[in-house]
Amino acid sequence: MNSALSTERSEATPAVGRAVSVGSARHPVACSAGDHSATGRGARPFAGLPRALILGARTSWATLTFTVLICTLLVAAVAVGIKGLYPTSADRVAYAASAGESVSSAAFNGRGYGLTTLGGITAAEVGFLGQVLFPLLGIMVAVRLTRREEESGRTELLTASRVGRLTPLASAIGLVILTAVATGLIMAAGMVAVGLPAAGSAWYAAAASACILFFGAVGLLLAQLCQQARSAQQLGIVIFSIAYLVRFLVDGLELGVVWLSPLGWLPEVRAFDTPRAWPLAAYGVATLALFLVSGLAAARRDMGAGLIAPQPGPTRGRRRISAWRLALRSERAATVTWASVACLWALLIGVFSTEMTKIIEDNPSLLEAMGLERSTDLMTMMASIIIVAAAGAISVQGAAHFGTEEAAGRIGVLASTRYPRRRLWIGWWTTTLLSSLLVVAVSVLILGAGTAASSGQSESFRTALEVGGSYLAPVLLIGALSAVLAAFGPRWPVVGWVAIAWTVVVGFLAEALQLPEWARDLSPAHMVGVLPVDTPDLRVIAGQAVVAVVLLACSVFVFRRRSLKAG
């Protein structure tokens, strides 16, 4: 009897095995964790790529569309403004004779070519903002398509089906390429539509597209190296800052090694002069190399991890950690990054202030373009715009980081203890806002000292301090707005970047874009006045401070009343 039962079981075993095998083949998603038939080493690494591309485009269309539109609108709007500011050939020749010979202008905007043409002047005037916007957008889009998706768990869900191991990275590469190409095509069409030569427009658009694609490849590699999207973005900002500083020094010192920085390749295309192809080839080769290295890194790391392991925390924690200390530790990397940008910019402005003042005095059209009356005011104004933007960015990133912590459930865990919500919120934003204001204070001290030492005018130091003090209220207002956005939920803080971007656009391009006064006043910094040209409006400063306090109080009320995202 036992013998017969044993034989019956042994004969049934192969049948059961075949049934499981057949069932696995019919239902691959239901396979066990050890079944690598779809996603293992033997599977095709790019399986399911077309559908992954479609899925990525559907989920990220807003980010990709925003990138295309903001780049093309910037260039087209500057081109329209330049046509109005330099309508005659004599105006353009005067521009080339002054700004074209300026070492400082080349240092800040990149070397200018074909400056007797509208296209050449447009490329030069887009210079600084373009060299900031193109790289940063490329990095942010790449991190958004890769590490951000992986952090949310969507990439792991995707790779649980019949999708190859490298498919998520390959789809991100495809979308970055698509974004860069679409930007180039629409940008070229816009430049031709406003009256610039077709050939020069095509060369310039190709250069801008190649720059976006290169820094997008940098972002893809950083997403494989870093375990968190925030770390990848901050490291990307550091790499961009180094690239800009190297190009600044090369052009400022008139060195012949323009190839040393990838940001130096952009103006070397010489789109409206005698076009050169080697910068485009350099972008292409470097981008391809970064794609290959990213693929190797993706193949070697685990899902959810990065090749650079995060540093472990202390073995023992405090019994009770204050909210301000928690915010300080959480935001120190972002604070140091933006503080370095602001202080470095202030130092460079101060060092080159004397020569820039002389160039501006020789070019009245440039004063008109910036809406200034005295040439000595431009350097402090340029520096203060970036200082306000960098200080405000600390608050925006503080709000975004709080949202990330909430979505991960860590804020919920902390709030579930005897730590009250109100105390947590007030402590977090006290640290964030004080960090922003401290960056303004340190930056204007550096700006005043550098300008005074370079120009030999002691009043420059006092002027810088007055401008910095007047802009404390706008920085506080941006921080309070970020707090309100964070109080509504983790998805809202990204809106705070609109205030930062508009502050920069109004500060640098208000006259070139011929913006109406109501549009300029949407910038918190411009509401106070164009400093130090105008006298600060003390009523506006007081009003902004009051509004900031009210917004902060509202943020406490909203945060206490709503449910947390997780935890």
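**Rings, burial and a bent helix**

Tutor: Let's begin with F402, which is buried, with a relative accessible area of 0%. This is a predicted model, where local features need pLDDT of at least 70 and side-chain atom pairs count only at pLDDT 80 or more, while totals for chains, interfaces and linings use all residues. Residues are numbered from 1 along each chain as its sequence is written, and side-chain values use heavy atoms, with hydrogens and water left out.

Student: Why is F402 called buried?

Tutor: Buried means under 20% relative accessible area, exposed means over 50%, and partly exposed lies in between (1.4 Å probe, protein chains only). F402 has 0%, so the label buried applies.

Student: What makes F402 and F559 an edge-to-face pair?

Tutor: Rings of Phe, Tyr and Trp (its six-membered ring) pair if their centres lie within 6.5 Å; planes under 30 degrees apart are stacked, over 60 edge-to-face, and the rest tilted. The centres of F402 and F559 are 5.5 Å apart and their planes make 75 degrees, so the pair is edge-to-face. F402 belongs to helix α16 (residues 378-407) and F559 to helix α24 (residues 538-561), 157 residues apart. Helices here are DSSP runs (H or I, at least four residues), numbered from the N terminus.

Student: Why is the pair of Y244 and F248 called tilted?

Tutor: Y244 and F248 are 6.4 Å apart centre to centre, with 40 degrees between the planes, so they pair and fall into the tilted class. Both sit in helix α10 (residues 229-252), four residues apart, which separates them by about one helical turn. Y244 is buried at 8%, and F248 is buried at 0%. Together with F128, F240 and W345 they form one aromatic cluster.

Student: What makes S436 a contact of V475?

Tutor: Contact means heavy atoms within 4.5 Å. Leaving aside neighbours within four places in sequence, S436 is in contact with A391, I394, S395 and V475.

Student: Where is the kink in α13 centred?

Tutor: The kink, of about 60 degrees, is centred on E331. The bend at a residue is the angle between axes fitted to the seven residues ending there and the seven starting there.

Terms used: Helix = DSSP H or I, 4+ residues; strand = E, 2+ residues; numbered from the N terminus.
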